[in-house]
Amino acid sequence: MYRLVMDIALLTTIIAGLFVVIGVAEPLAARLRLPYSVILATIGTLIGAGAIFFLRTDLTDALNPIAESILALPIRSNVFLYVFLPTLIFQATLGMNVRRMVDDWVPILTLAVVAVVAATLTIGYALSLVSGLPLVVCLLVGSIVSTTDPSAVVGIFRSLSAPRRLARIIEGESLLNDAAAIALFGLFMGYVMLGLPDPGLGQAISSFPMLFVGGTIAGWATARIAVGLMAIFARFELAQISISVAVPYLAYIGAEQIFGASGVIGVVVAGLTMNIIGPGRLSPALWQNLREVWDLLAHWAGALIFILAALLIPRLLEDTRPGDFALILVVVAAAITARALILFVLMPMLTALRVSPRVESRYRVAILWGGLRGAVTLALALAVTESLRVPVETKRVVGILATGFTLFTLLVQGTTLRWVIGRLGLDKLSPLDVALSNQVIAVALQTVREGVSRMTDNYDLPRDTVRSEAKRFAERLDHAVERADAEDNTLILDRDRITLGLIALAAYEREVILARFRERAISGRLSEQMLFDVDRLIEGARTGGRTGYQRAARRGLRYGPSFRLAAFLRNRLRYSGPLAGMTADRFEALLAKRLILRDLSGFVDSRIRRIHGRRVADLLHELINRRVEAVETGIEGLRLQYPGYAEKLERRFIRRTALRLEEREYNAMREDGLIGAELHTALMQDITRRRNETEGRPHLDLALRKEELVRQFPLFADLDEAELRRLSRALRTRFYNAGKVILRKDSVSRAVFFVASGAVEQEIAGQTSRLGRGEMFGQMGVLAKRPRRTEVRAITPTSVLELDEEAFRRALKRSKALRQAVRDSVSAKAMTEEAMRLPELAKD
């Protein structure tokens, strides 16, 4: 019993020591300017080598218990793959901007899958040619070393302010890269254990998609069930976070054990699913806390997996032979070659096809040299060495090659990556950024001087002290102003200033959206969509300046493919749920955008005008006004279609704002000691109850009650009740998205249309007119029995009522008002004469 207690105490001490190492490694990496993973791997290797040394040396036996405990740590491949890996992958997917990655899914998916397959095949066949090993073993090695560690290169790119889209592509590619590599590893590992030396490549590739399909189903189902449970437990935050912790592990095990698919794909899909639907179902505060908890869990898991995997390096390299070093160099050369082909051949091809952004050669070199390998590679190699069904020599070769290659990437590429980036000039500001920084510093110091002056007046500080510090600060301010006015700053052209101003404006818009989200003025789902649109604004301004910004702004208001699909479902299948949801989302988003856009003008006047001047500020005001006008037009169009719904949303917004202000007042009273903790808690519970009541969005009913509409139309005012019911049964409802052609010129005339909601634009003989609710079109083609001479297009999402020729003629005979409306709709003289000759339109 005493021995067991001592073992537990020693193990606990070692684990605590590892956490101390984790805490020290990050500031040490920053000081040495090395990737964090390199420091962790180095420390872990030194600890493992030290433990082996003290066990085998005769110098002292005092440290033997510690060395034995270190080497006896339960470091198994299953611990890495089932405990640490799901945590790392799940956190990475939660932190992704999924909506922005959707824009770049082609380069991300292509680079991920193609890069893994290319690296695996290149390494496998190169190794097979020089080593004499079975091809399947060489391909197994290739799949193991194809996994990359994105943290180093992405972290450095972020610190260098590299293009955000480039960092996003590399991050997404690296994540899916691991998933694809582990899926291939499982495939070839199965062939090795079955003793198949040369499997057919077609057979291997054909079973590859099923690994993705099963993982996708398991991940999606797990996340959907988990989010549903978390929504039920809305009042219990700790319970919700606890459920989220179970998600990646259930997805991983479910994908592997139930579907026989890739557990990594299951975790990726589960994380992406929760990322997409979570903000709309969970409260903003919970979502923020959940992200923070997962950031901490992933930090610990990532550090522990590196240290524990590095402990194995000395043991994996114990049986190294001289010839193994040559094989390691072959693997290194083949891996770099495969990566270079992807970066310098495939990526330019994707750019030429306009499915990937252009990546400068300097960045491609940095990505090439930054392809570090780490703990996942070592974990997969360990899985091979642990298997009883793998031949001993295969275990030795796989362990040595994977470990040697990992050490090369960490100790050679990792330690020189910043030097390479410096040589490429990626760590230096451009002349434009230098000139802009001078302007920003001068403006900031002027603001600081005003603030310090007010502070010294308020606190009545000694005059001599104030005068001395003011003189010192004035010298710095004069130097900053002198640099800002220097000739070099003429490099900032008006075009560049506008671009920089637009980027700053979009960044501030992002902050306003996040503030509104934290205040619960807008929902999580809506904030995600709005942040998605803001990212497009930033990308558009970076690549296309003012034109790109305006194009992105218009795209944010456009009716996309999802609306067309929803309209198709409603027209063809009579299923209006998706269209109602999207229309309500659009209504709410337009109202929120109108409020947020009005906050931007103050930022332009207070900040941008002082840095970039009046001319740039005036232009930004003009662009903001154009966006406001476009949003107002969209809101007005929806108001005409669905009167009363906007008022319901506006009332909901006012109630949310009132609750936010009321909550702020109670918090201030609590901090000032005016109310106690018990009363504050009761007041907060009441606010939470009322806020939950306002969370539900009003229902938007798209159903067109044809009988009610027919009674409202003046065209049918003189029809009796029986005829109105008969006419209502004959009418068919159609929905058309904005820009959709309803009638084409020269098409066969078989029906007449009445606008139920929305607006259409018709072109006749070169003249254009607009029709709104209650107006009709297509009647002359039916009456004259000739091809149509007009083209009609929806200019907003529009609902029309379609009446076939027979029913229209019957209604025309019975309705004097309808006949007069047809006569009034004929404008041209020739058409008037033609209409008067028609028996149906003879004067009453």
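Strand 3 and strand 8 (residues 798-804) run antiparallel to each other and pair over 6 bridges. Two strands count as paired if DSSP finds at least two bridges between them. Strands (E, at least two residues) and helices (H or I, at least four) are DSSP runs, numbered from the N terminus. Within this pairing, Phe753 has Glu802 of strand 8 as its bridge partner. Strand 3 also pairs with strand 6 (residues 776-777), again in the antiparallel sense, over 2 bridges. There, Phe754 stands opposite Met776 of strand 6. In general, strands of a sheet pair through backbone hydrogen bonds, either parallel or antiparallel.

Before going on, a word on the model. It is a predicted one, in which local features need pLDDT of at least 70 and side-chain atom pairs count only at pLDDT 80 or more, while totals for chains, interfaces and linings use all residues. Residues are numbered from 1 along each chain as its sequence is written, and side-chain values use heavy atoms, with hydrogens and water left out.

How many residues of strand 3 (residues 751-757) are buried? The count is 7 of its 7 residues, and the strand is mostly covered. Buried here means under 20% relative accessible area, exposed means over 50%, and partly exposed lies in between (1.4 Å probe, protein chains only).

Another group of strands makes an open sheet of 4 strands, in the order 2-7-4-5 and with antiparallel pairing. Strand 2 (741-743) and strand 5 (767-771) stand at the edges with a single partner strand each, so one side of each has no neighbour in the sheet. From one strand to the next, the twist averages 30°; axes are lines fitted to C-alpha atoms, and angles run from 0 to 180 degrees between N-to-C directions. Val741 has Arg793 of strand 7 as its bridge partner.

**Helices and a nonpolar patch**

Where does helix 25 (residues 577-612) kink? The kink is centred on Val604 and amounts to about 45°. The bend at a residue is the angle between axes fitted to the seven residues ending there and the seven starting there. After helix 25 comes Gly613, with a positive phi near 95°.

Helix 1 supplies the largest share, 3 residues. Ile15 lies in helix 1 and counts as partly exposed, at 38% relative accessibility.

Arg497 sits in helix 22 (residues 494-518). Its relative accessible area is 11%, so Arg497 is buried. In sequence Arg497 is 118 residues from Arg615, yet their C-alpha atoms are 9.9 Å apart in space.

**Salt bridges**

A salt bridge is a side-chain nitrogen of Lys or Arg within 4 Å of a carboxyl oxygen of Asp or Glu. By this rule there are 11 salt bridges. The table lists some of them.

| Pair | N to O distance |
|---|---|
| Glu393 and Arg396 | 3.0 Å |
| Arg690 and Asp686 | 3.1 Å |
| Arg809 and Glu805 | 3.2 Å |

Glu393 and Arg396 are 3 residues apart in helix 19 (residues 392-424), so about one helical turn separates them. Glu393 is partly exposed at 37% relative accessible area, whereas Arg396 is buried at 13%.

In helix 28 (residues 677-695), Arg690 and Asp686 are 4 residues apart, again about one helical turn. Arg690 is partly exposed, at 24% relative accessibility, and Asp686 is partly exposed too, at 28%. Both belong to a network of salt bridges that links Glu662, Asp686, Arg689 and Arg690.

Arg809 and Glu805 are also 4 residues apart, in helix 32 (residues 805-814), with about one helical turn between them. Is Arg809 buried or exposed? Its relative accessible area is 15%, so Arg809 is buried. Glu805, at 26%, is partly exposed. In general, an α-helix has 3.6 residues a turn, so residues three or four places apart point the same way.
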